[in-house]
Amino acid sequence: MIVSNKSKKKIVEAFLNLSGKIDVEDISINSIINITGISRGTFYNHFKNKKDILSFIEINLCHEIDMAFEGVNSHHPKTFHDFIRGILPVLYENREYNKVLLTYYQSNFYDFVLKRYNEYVLPYFDHYDEKIIGVPKYFMVKFFSMTIMTVIFLWLTEPIPLPPKDFEPAFIKIINTSIKDVCDINFS
């Protein structure tokens, strides 16, 4: 995420640094001001409060992710592998922002992501046959999307996540592997 204004960038970076050490709820405006060395007036010229900082991060991050989705979509990927190859680097580059949003909005984050990016997943289900598994298409789309998000969030919240190029093959294996393949559990 690119922040062009220097003092605004300092505020966002201080907020991110603090969120790695303490709960977002416990971050005070004073602590941000003390870390950045900016005046209270400068802070309030850019943000009204902590939620305003979170909103700024969310809007800017979503813009970058939207651009990545558009770039992938404009090439009409034939496989999900192409789709992932276009998205993983953007998510990785912005992993600190993603961690803050995931931690702060955890209860609503899946729903938010599903609503915002569902249109990019739906084309992969154009030929879905409900008779094969016995559940409606909307259920499988949500299941697939939530599985993808869970794998990505687990990857990004690792202390030192693998770079996208290294994670991509593991990601594809994880998504293509059943529970039976991993731990020999058979639910039938």
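**Largest pocket.** I began with the largest pocket, whose volume is about 320 Å³. The model is predicted: local features need pLDDT of at least 70, side-chain atom pairs count only at pLDDT 80 or more, and totals for chains, interfaces and linings use all residues. Residues are numbered from 1 along each chain as its sequence is written, and side-chain values use heavy atoms, with hydrogens and water left out.

A pocket here is an open set of points on a 1 Å grid over the protein atoms alone, with protein on both sides within 12 Å along at least five of seven lines; a cavity is a set where a 1.4 Å probe fits but cannot get out, and lining residues have an atom within 4 Å of a point. Points are joined across faces, edges and corners, and a volume is the space filled by probe spheres set on them.

I listed the pocket lining; Phe 143, Phe 144, Ile 174 and Val 182 are among the residues. Helices α9 (137–156), α10 and α11 (179–183) each give two or more residues. α9 gives the most, with four. Helices are DSSP runs (H or I, at least four residues), numbered from the N terminus. I sorted the lining into seven nonpolar, four polar and no charged residues. Nonpolar covers Ala, Val, Leu, Ile, Met, Phe, Trp, Tyr, Cys and Pro; charged covers Asp, Glu, Lys and Arg; the others, Gly among them, are polar.

**Cavity.** I found one cavity of 30 Å³ or more.

**Salt bridge.** How many salt bridges are there in the whole structure? The search finds one. Glu 168 and Arg 85 form it, at 3.3 Å, N to O (cut-off: a side-chain nitrogen of Lys or Arg within 4 Å of a carboxyl oxygen of Asp or Glu). Glu 168 is in α10 (residues 164–176) and Arg 85 in α5 (residues 80–93), so the pair ties together parts 83 residues apart in sequence. Glu 168 is buried at 11% relative accessible area, while Arg 85 is partly exposed at 43%. Buried means under 20%, exposed over 50%, partly exposed in between (1.4 Å probe, protein chains only).

**Surface.** Tyr 138, Phe 139 and Phe 143 form a nonpolar patch with about 380 Å² of accessible area together. Patch residues have over 30% relative accessible area and no salt bridge; nonpolar side chains (Val, Leu, Ile, Met, Phe, Trp, Tyr) are joined within 5 Å, like charges within 9 Å. Areas come from the Shrake-Rupley method with a 1.4 Å probe; for residues, only the protein chains shown count as cover. Tyr 138 sits in α9 and is exposed at 61%.
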